[in-house]
Amino acid sequence: MRDWVNAAIAKIEADLTRSADTHLIRLDLPALTDITLYLKDESIHPTGSLKHRLARSLFLYGLCNGWIAEGNPVIESSSGSTAVSEAYFARLLGLRFIAVIPKTTSPEKISQIEFYGGECHKVDASQIYAESHRLATELGGHYMDQFTYAERATDWRSNNNIAESLFSQMVAEPHPEPAWVVMSAGTGGTSATIGRYIRYKRLQTQLCVADPENSVFYDVFQDGDRSRTLSVSSNVEGIGRPRAEPSFQPGVIDRMLKVPDAASFAAIHFLEGLLRRKCGGSTGTNLYASLQIAAEMQQAGQTGSLVTVICDPGDRYLDTYYNLDWLAERGFDTGPYRDQLQVFYDTGAFPS
Ligand SMILES: Cc1ncc(COP(=O)(O)O)c(C=O)c1O
């Protein structure tokens, strides 16, 4: 039993040793005066998103807690990037992986999970948590439960977590200590890691969490009421939740901004013009909030740096956020936000 766990941990560590760190990209925004925005590019992980780090941490946490054992399946309630990354690590360890997903999940997402050997178990969206528990009990498996464990499975002090990595990549920059780090929240795990790290290192950096429409996080941050729920789900895949997930830690967040969904989608189209690359919708949410803060700094005569995150690549969303018919059918009018972002690019001011 211990031999298998030891071998499993060694396989994950070897996988990490084979991996390189993700890039920190400096974005050229010539209208800004001594204010620089950096993008931590988490889309280049082997499974294509920031969830690669989380999946690795969740597997190590499960193994070291004695929750994941030889021959027992691993179950997760996710149809998105987390399930893709967990399927990868399950296959690395020779474990069966079952993603409990809403019936409405796109064939593209299902094929990504299946590509890494995962199985997809389709249920009504409201049933995914209960069904994950039920399956884990019935099959003698382990329910990963990213929404509960994301914040505690990651070593937030060090171990090259996303915060340690991005702050260390800033050391040779003109403003090495960012004025702001901007991130969105799905589980809330990444923002919890960054916020804790900032405090632990006694930095002046402030953490802004950007929230899309159809999410409770913004309101929970404002009034502390964790009991509120929504019956609608977020249009920006990976972020925004209808309930205050246990991993969401408002205590380490300095500010939250609500970002309209059409603004997030406009922001990734705008970014494509600057980077020649397509990024996912949550990257747009991060970018839009970052540019808003950069414009505030410029207006206030402040200088400094900001860091935000490219969460996943845009090729996962060619049929949605990059499809003009899809946007129009759902009433997302990105035009005014594109114009706003262009004015910002040209002048450094953010028209309202
Ligand atoms: C594409 C994408 N962006 C952002 C996030 C948010 O990250 P976190 O769960 O750490 O809050 C997720 C989480 O699933 C995601 O899949």
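Leaving out neighbours within four places in sequence, Asp254 is in contact with Gln206, Leu207 and Cys208. This contact belongs to a predicted model of a chain with 13 helices and 10 strands. The chain is divided into domain 1 (15–46 + 155–347) and domain 2 (52–150), and the shell around a ligand draws at least three residues from each of these domains.

- Asp254 sits in the loop between helix H9 (217–223) and strand S9 (255–258).
- Asp254 has 13 other C-beta atoms within 10 Å, so it counts as partly exposed.
- In sequence, Asp254 and Ser158 are 96 residues apart, and their C-alpha atoms are 21 Å apart in space.

**Overall form of the chain**
- For 352 residues, a compact globule would have a radius of gyration near 20 Å, and the chain agrees with this because its own value is 20 Å.
- Along the principal axes, the C-alpha atoms fill a box of roughly 60 × 45 × 40 Å.
- Of the 352 residues in the chain, 48% are buried.

- The centres of domain 1 and domain 2, taken over C-alpha atoms, are separated by 25 Å.
- Domain 1 gives 16 residues to the contact between the two, and domain 2 gives 13 residues.
- On the side of domain 1 that touches domain 2, there are 4 nonpolar, 6 polar and 6 charged residues.

**The shell around the ligand**
- The ligand is surrounded by 21 residues, and the closest are Gly186, Thr190, Gly238, Ser282 and Cys311.
- Helix H3 (81–93) and helix H8 (189–200) are the elements that give two or more residues to this shell.
- H8 gives the most, with 3 residues.
- By type, the shell around the ligand divides into 4 nonpolar, 14 polar and 3 charged residues.
- Both domains take part, as at least three residues of the shell come from each of domain 1 and domain 2.

- Strands of a sheet pair through backbone hydrogen bonds, in either a parallel or an antiparallel sense.
- The parallel pairing of strand S3 (residues 74–76) with S6 runs over 2 bridges.
- Ile75 has Tyr143 in S6 as its bridge partner.

**Two residues with positive phi**
- Most residues other than glycine have a negative phi.
- Arg202 is not a glycine, but its phi is positive, near 55°.
- Arg202 lies in the loop between H8 and strand S8 (206–211).
- With 6 other C-beta atoms within 10 Å, Arg202 is exposed.
- Asn214 is not a glycine either, and its phi is positive at about 55°.
- The loop between S8 and H9 holds Asn214.
- Asn214 is partly exposed, because it has 16 other C-beta atoms within 10 Å.

Key: Residues numbered from 1 in each chain as written. Predicted model: local features only at pLDDT ≥ 70, side-chain atom pairs only at ≥ 80, totals over all residues. Near = placed C-beta within 6 Å. Helix = DSSP H or I, 4+ residues; strand = E, 2+ residues; numbered from the N terminus. Nonpolar A, V, L, I, M, F, W, Y, C, P; charged D, E, K, R; others polar. Domains from an automatic or database assignment. Rg over C-alpha atoms; globule rule 2.2 N^0.38 Å. Buried ≥ 20, exposed ≤ 12 C-beta atoms within 10 Å, placed from the backbone. Contact = placed C-beta atoms within 7 Å. Pairing = 2+ DSSP bridges.
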